[in-house]
Amino acid sequence: MAKRNFVKHALSQWMQKDGPESDVVLSSRVRLARNLKGSPFPMLATPAQSQEVMDQLLGVAENGRLNGLGPLELIRLSELTELEKLVLVEKHLISPNLANESRNGALILDQQEDVSIMVNEEDHLRIQCMRPGFQIREAWETASLIDDVFEEQIDYAFDEKHGYLTSCPTNVGTGIRASVMMHLPALVLTGQINRILSAVTQVGLAVRGLYGEGSEATGNLFQVSNQITLGQSEQEIIENLHQVARQMIEHERAARSRLLAESRTRVEDRVRRSYGILSHAAIMDSKEAAQRLSDVRLGIHLGLLPQVQAKTLNELLVSTQPGFLQMTYGEALHPEQRDVTRADLIRGRLAVSS
Amino acid sequence: MQCQECGKRPATLHFTKIVGGEKTELHICESCARDKGEFIPGTQGGFSIHNLLSGLLDFEHAGAGAAKPPAVRCDSCGMTYSQFSKIGRFGCSNCYKQFGERLDPLLKRVHGNTVHVGKVPKRAGGKVKTKREIDRLKQEMQSRIAREDFESAAKLRDRIRELEKEMGAG
């Protein structure tokens, strides 16, 4: 079986480029939830109805309306193996919900993999745009333009009072979920993170782990996103998130400088220790990998590990996930073999980049 | 972040509960969550946003002794309000219209608001845009009247009439 494009590389093309403030912000993302007028939401749709929705939405890509995005891949979820779906989730290209629960689910993906359009997820249409680094406004602009293209072709479920109507009342109104993925090791190390996170939740934002709702904040990676979708304009929502994230970036940087000034040797020891273990260990579970990779990432941005590239770490973040490991090294890996394979992979990558 | 219960393991579950406008937060580890009988996402009897919503929606249990309101059913998809309050998700876009003002307390709690002010679809939203423009002009007109700037208020009044005519025709 020929490998699909998205499984060939752990690092999506868009993640190869460095974005602004990439010492703290890995990526920015905006997702818009939309539904078609007159068709029940995916949860209640009959197979025939969801098929029709899929045909209609994929039709917009097929008739060339989205050509501005370059060549597109149209993927029906039913054509994919479980492992391929898992890889898409690990690359943040689809949600776990689309992978596991959708009927007639589909995906429109551009070559950069910075635009992924989900069909028949919880809502009929979910437009997702990602950007490297801190570019939340840019992600919103692109998502909004794609939204306009769909709207030319399709009647959305929209009402004057409630705005864009969504399956879940937490998305109604603008249907927007904007988020920034932040690496905050110094705030964690200096014990300030709890205070900051609880302050952030006071202003209508939510903090989650690397893989969204319900996921653990491993490797000091935090996803900060808006909670409120109704009663504020998209611009207000984006600006609110932007300003809060901007402050978090400054706090993290200040904490890093303080760490360097006050306990340079200890930080250096921690970073080098983790780099040493990653470069030499024979067994590496995912939790340890996440923590050690976080240390190394911190080391890079503190200028302590000039031999390692941030890009290598971004790639390892995805390629050491269970699905991607199995995809690369054969399907039936036991968890123990997986930890050995993960250790091999990390050793190899760190050796190449040094 | 350490678990608030045992203080030993890292907190992996983060709850924000908003009850009656009061916000409480809980950061605990999985094992303490199990001991406390808290819900763990992704497990049997898992806790999700929809469970939380259905808690907010369950007004029928909230007012003890109150007369049960007549069943409201969406005439497009057949979902009843009580089904919606259990699942926390609408069946179709028409449900919003059918459940009407019953949704306001929920939306208020989730978003602090009940009315959309953001983007409007270009094609379908022409009227909405016009209506918003009218609302804006009316406000502006009132403030000019308050400033006794009647000349420019009259201009605004004419513009409002024009737009209202457009709306009526469209």
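**Note on the predicted two-chain model**

1. The buried residues of helix 10 of chain A are T312(A), L313(A), N314(A), E315(A), L316(A), L317(A) and S319(A). Helix 10, which spans residues 310–319 of chain A, is accordingly described as mostly covered, with seven of its ten residues buried. The model is a predicted one, and the points below should be read with that in mind.

2. Chain A contains an open sheet of eight strands, in which the pairing is antiparallel and the strand order is 2-3-4-5-1-8-10-9. Strand 2 (72–76) and strand 9 (205–208) of chain A each have a single partner strand, so they form the edges of the sheet and one side of each is left without a neighbour there. From one strand to the next, the twist averages 20°.

3. Within this sheet, strand 4 (residues 115–119) and strand 5 (residues 125–132) of chain A run antiparallel and are joined by five bridges. As an individual pair, V119(A) has L125(A), in strand 5 of chain A, as its bridge partner. Helix 5 (residues 136–153) of chain A packs on the sheet, where it touches strand 1 (25–34), strand 4, strand 5 and strand 8 (176–183) of chain A. The direction of helix 5 makes about 25° with that of strand 1 of chain A.

4. A helix pair in chain A also deserves attention. The axes of helix 3 (residues 82–90) and helix 11 (residues 322–329) of chain A come within 8 Å and cross at roughly 130°, which means that helix 3 of chain A is oblique to helix 11 of chain A. The crossing in which helix 3 of chain A passes helix 11 of chain A is left-handed. On the side of helix 3 of chain A, the contact involves L83(A), L86(A), V87(A) and E90(A), and these meet G323(A), F324(A), Q326(A) and M327(A) in helix 11 of chain A. By class, the residues of this contact between helix 3 and helix 11 of chain A comprise five nonpolar, two polar and one charged.

5. Turning to the contact between the chains, 33 residues of chain B are in contact with 39 residues of chain A. On the side of chain B that touches chain A, the elements that give two or more residues are helix 2 (49–57) and helix 6 (104–111) of chain B. Helix 6 of chain B provides the largest share of that side, namely four residues. The side of chain B that touches chain A has 16 nonpolar, twelve polar and five charged residues.

Notes
Residues numbered from 1 in each chain as written. Chains lettered and ligands numbered in written order. Predicted model: local features only at pLDDT ≥ 70, side-chain atom pairs only at ≥ 80, totals over all residues. Axes fitted to C-alpha atoms, helices over the stretch in contact; angles between N-to-C directions. Parallel < 35°, antiparallel > 145°, perpendicular 65-115°, else oblique. Left-handed = near helix turned anticlockwise from the far one by under 90°. Contact = placed C-beta atoms within 7 Å. Nonpolar A, V, L, I, M, F, W, Y, C, P; charged D, E, K, R; others polar. Pairing = 2+ DSSP bridges. Buried ≥ 20, exposed ≤ 12 C-beta atoms within 10 Å, placed from the backbone.
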